[in-house]
Amino acid sequence: MKTINLNEKQKAFHKEWHPHQIAVVDNMQVLLAKLKGEFVWHAHENEDELFQVLKGTLYMQFRDRTEVVKEGEIIVVPKGVEHCPKTENNEVVEVLLFEQLSTAHTGSVIDKKTQTEYPKI
């Protein structure tokens with residue numbers, strides 16, 4: 001039971017699209033990630049996913065629209081909804097993620113950006 005300084009944790013890593021686990025709450029994990037460019041189109045069939053933008057602007061692409069998520073805002077992607085996060089203009093966007101421990105990084109899609117383990121920091 002200690003405080004977690006998000007700024008310090010963000011400085012602890014630089015790799016993009018590679019979430020790092022900073023806490024576990026029941027069966028949910030809290031992740032920090034740095035995003036740059038476009039990710040992978042994917043869905044999580046059984047889990048919702050929450051993104052909170054800490055720094056920058058995230059563009060959450062859905063098949064029928066794109067939602068702009070600004071610093072200090074959140075977006076929840078419901079289970080089963082195909083999505084593809086991206087950033088623009090070479091911006092590195094810092095996000096906090098809340099998701100179940102069982103959530104696969106890219107759902108059933110396997111890509112070079114897919115991570116199977118999240119380092120704990």
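## Surface and charge

Accessible areas come from the Shrake-Rupley method with a 1.4 Å probe. For this chain, a predicted model, the accessible surface comes to about 7,100 Å². Carbon and sulfur atoms hold 47% of that surface.

The chain carries 15 positive and 19 negative side chains. The centres of these two sets are 6 Å apart.

## Secondary structure

Read from the N terminus, the order of elements is α-β-β-β-β-β-β-β-β.

## Overall shape and packing

The C-alpha trace spans about 40 × 30 × 25 Å along its principal axes. A compact globule of 121 residues would have a radius of gyration near 14 Å, and the value for the chain is 13 Å, which agrees.

Of the 121 residues, 41% count as buried. Among contacts with a separation of 6 or more, 66% are between residues 24 or more positions apart.

## The aromatic pair

A search of the whole structure gives one aromatic pair. The ring centres of Trp 17 and Phe 39 lie 4.6 Å apart and their planes meet at 15°. Planes under 30 degrees apart count as stacked, so the pair of Trp 17 and Phe 39 is stacked.

Technical notes
Residues are numbered from 1 along each chain as its sequence is written. This is a predicted model: local features need pLDDT of at least 70, side-chain atom pairs count only at pLDDT 80 or more; totals for chains, interfaces and linings use all residues. Side-chain values use heavy atoms; hydrogens and water are left out. Helices (H or I, at least four residues) and strands (E, at least two) are DSSP runs, numbered from the N terminus. The radius of gyration is taken over C-alpha atoms; the globule rule is 2.2 Å times the number of residues to the power 0.38. Buried means under 20% relative accessible area, exposed over 50%, partly exposed in between (1.4 Å probe, protein chains only). Contact means heavy atoms within 4.5 Å. Lys and Arg count as positive and Asp and Glu as negative; His and the chain ends are not counted. The place of a charge is taken as NZ of Lys, CZ of Arg, CG of Asp or CD of Glu. Rings of Phe, Tyr and Trp (its six-membered ring) pair if their centres lie within 6.5 Å; planes under 30 degrees apart count as stacked, over 60 as edge-to-face and the rest as tilted.
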